[in-house]
Amino acid sequence: MPLSAAVAMAATTVLVAGAAAAPVDVDPVEVAPAPGAAAPAPRADLSHHGYVSLWGDHIAIRIRSENRGPSDVTASTVRLRFSAPLAARQELPYGCLRGGKATVLCETGGLRSAGGARQTALDLTLAGRPDEVVVRLDTVWNGGARDTDRTNDVHEVLAPATGDAYAF
């Protein structure tokens, strides 16, 4: 008899009329996934915090990315979307690339569980001189991990053109 059937049979209780069922004490058995079945995704809790500052046609963004675990993340990518288009020519830091007229994608690299944070600094030029810009920031790749707390890695920040730092 296969192991899973034996465990199932041992866990059943036969009730006799008028008799109370006695609890069955069965040790838990871990069963390996069936061949070809996907292993469960590791869990991780990525977070991004920092600030946005806008003045004239310049916008500065500083991001601190970290993983609160419980599993390590081999790679992750953060996406920044702007409500105003970026200038055509940009000098982006290593690991960042354009994703459209108003989008930049940046890799954060591997993030160890409860390990050190990764810093990303962007100094960008906008196509015009808006009075304000909305920056939307989120994780678009986290190494295939399951993140059940998206409140700390999805942000929307309104940055008026005051030169002040607006935190997220």
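1. Strands here are DSSP runs of E, at least two residues long, numbered from the N terminus, and two of them pair if DSSP finds at least two bridges between them.

2. A word on the model: it is predicted, so local features need pLDDT of at least 70 and side-chain atom pairs count only at pLDDT 80 or more, while totals for chains, interfaces and linings use all residues. Residues are numbered from 1 along each chain as its sequence is written, and side-chain values use heavy atoms, leaving out hydrogens and water.

3. Do look at β7 (residues 132–141), which pairs with β8 in the antiparallel sense over 7 bridges. Arg 136 has Glu 156 of β8 as its bridge partner.

4. Now for Phe 82. Beyond its neighbours within four places in sequence, its contacts (heavy atoms within 4.5 Å) are Ile 59, Ile 61, Ala 102, Val 104, Leu 124, Val 133, Val 134 and Val 135.

5. Finally, the structure holds 1 disulfide, defined as a pair of cysteine sulfur atoms within 2.5 Å. Cys 96 and Cys 106 form it, with sulfur atoms 2.0 Å apart; the link is right-handed, with 115° about the S-S bond. Because Cys 96 lies in strand β4 and Cys 106 in strand β5, the pair ties together parts 10 residues apart in sequence. Both cysteines, Cys 96 and Cys 106, are buried, that is, under 20% relative accessible area (1.4 Å probe, protein chains only).

Note on methods:
Helices (H or I, at least four residues) and strands (E, at least two) are DSSP runs, numbered from the N terminus. Buried means under 20% relative accessible area, exposed over 50%, partly exposed in between (1.4 Å probe, protein chains only).
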